[in-house]
Amino acid sequence: METFQIKTAAHSCAVDITDRVEAVLREKSALNGVCLIYVPHTTAAVTINEGADRSVMEDVLESLEKLVPWQGGYKHAEGNSAAHIKSILTGGGAQVIVDAGRMVLGTWQSIFLLEFDGPRTRKIHVQFTGERADSER
Ligand code: ZN
């Protein structure tokens, strides 16, 4: 498992981490297999969606805010239940197929860290399972 960190810059934001995950796969000499990208946090998430047009993720974040407003009469004393709920709705991890060392992402797809209670420093764990270029046969 490899881990990298991202410092998020806003209370709610989407950070494109595709390049960071690709760097891990290069480092691991990944060839064919599956890559799991996972956040060990309860108020953040990882998702795969459109990275070409930044306004898509802005729309996603704004829509999540409408679905789960920050002020909602929640019981959780820390006051960030909306962030926990958004994390559950969007998911703490994503998997990508790796073929010949490259992630199989669609033309418009990127991997995003979703921050729902920032700014904070977030960890992203990456685990590659499969054939490596430097493995013995
Ligand atoms: Zn909390």
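User: What order do the strands of the open three-stranded sheet have, and which way do they pair?

Analyst: The order is 2-7-4, with antiparallel pairing. Strand 2 (13-16) and strand 4 (44-50) are the edges: each has a single partner strand, so one side of each has no neighbour in the sheet. From one strand to the next, the twist averages 35°. Before we go on, this is a predicted model: local features need pLDDT of at least 70, side-chain atom pairs count only at pLDDT 80 or more, and totals for chains, interfaces and linings use all residues. Residues are numbered from 1 along each chain as its sequence is written, and side-chain values use heavy atoms, with hydrogens and water left out.

User: What makes strand 2 and strand 7 a pair?

Analyst: Two strands pair if DSSP finds at least two bridges between them. Strand 2 and strand 7 (residues 109-115) have four bridges, in the antiparallel sense. One of the bridge partners in strand 7 is Leu113, which goes with Val15.

User: Which residues coordinate the zinc ion?

Analyst: His76 (NE2), Glu78 (OE), Asn80 (OD1) and His84 (NE2), at 1.9 to 2.2 Å. A donor is an N, O or S atom within 2.8 Å of the metal (3.2 Å for Na, K and Ca), and since water is not among the atoms, sites may look incomplete. Along the chain the spacing reads H-x1-E-x1-N-x3-H.

User: Are His76 and Asn80 buried, exposed or partly exposed?

Analyst: Buried means under 20% relative accessible area, exposed over 50%, and partly exposed in between (1.4 Å probe, protein chains only). His76 comes out at 34%, so His76 is partly exposed. Asn80 has 2%, so Asn80 is buried.

User: Why do the buried residues of helix 1 count as lining one face?

Analyst: In helix 1 (residues 18-27), Thr18, Val21, Val24 and Leu25 are buried. Looking down the axis, they fall within an arc of 125°, so they line one face. The face turned away from them carries exposed Asp19, Arg26 and Glu27.

User: How many disulfides are there?

Analyst: Zero, in a search of the whole structure. A disulfide needs a pair of cysteine sulfur atoms within 2.5 Å. Cys35 has a relative accessible area of 0%, so Cys35 is buried.

Conventions
Helix = DSSP H or I, 4+ residues; strand = E, 2+ residues; numbered from the N terminus. Arc of directions from axis to C-beta. Axes fitted to C-alpha atoms, helices over the stretch in contact; angles between N-to-C directions.
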